[in-house]
Amino acid sequence: MRRNAHELDKMRRAGRVVAEMHEATRAAIAALGEEPYEYVGQPFTDSTSMLAWATEYGFGDTGRWGWLRELYGSIWSAKRDSYANQIGRASCRER
């Protein structure tokens, strides 16, 4: 399928937004430093952002919940969707 110039421009803008979003996630994680934060709200619910936060707050050796750092806290985000899709999303994230 061939795309017209308007569709291509729209796709390029969306790609820039996603790149800026991922850069914002990386900057937010870096800004946490080694300070303990009890609550962190994060606005992005895409899989790349969720993975970045899961790695930062993970139980592994380098994660905040890991034995080397022990900087406990929780991450909060929200996603609007149907009940069925939310249940499916939660079961995928729990694995």
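How are α1 and α2 oriented to each other, roughly parallel or roughly perpendicular?

I began with provenance: this is a predicted model, where local features need pLDDT of at least 70, side-chain atom pairs count only at pLDDT 80 or more, and totals for chains, interfaces and linings use all residues. Numbering starts from 1 along each chain as its sequence is written, and side-chain values use heavy atoms, with hydrogens and water left out.

Next I checked confidence (pLDDT is the predictor's own, per residue, from 0 to 100). The protein chain averages 81, and 92% of the residues score at least 70. Among its elements, helix α3 (residues 83-93) has the lowest mean, 72, while strand β1 (residues 39-41) has the highest, 88. Helices here are DSSP runs of H or I, at least four residues, and strands are E runs of at least two, numbered from the N terminus.

Then the helix pair. I found α1 (residues 5-32) packed on α2 (residues 47-56) at about 15°, axes 10 Å apart. The axes are lines fitted to C-alpha atoms over the stretch in contact, with angles from 0 to 180 degrees between N-to-C directions. So α1 and α2 are roughly parallel (under 35 degrees; over 145 is roughly antiparallel, 65 to 115 roughly perpendicular, the rest oblique). The contact (heavy atoms within 4.5 Å) uses H22, T25, A28, I29 and L32 of α1 and T48, S49, A52, W53 and E56 of α2.

Last, I looked up salt bridges (side-chain nitrogen of Lys or Arg within 4 Å of a carboxyl oxygen of Asp or Glu) and got 4. One joins R26 and E23 at 3.0 Å, N to O. Both sit in α1, 3 residues apart, about one turn of the helix.
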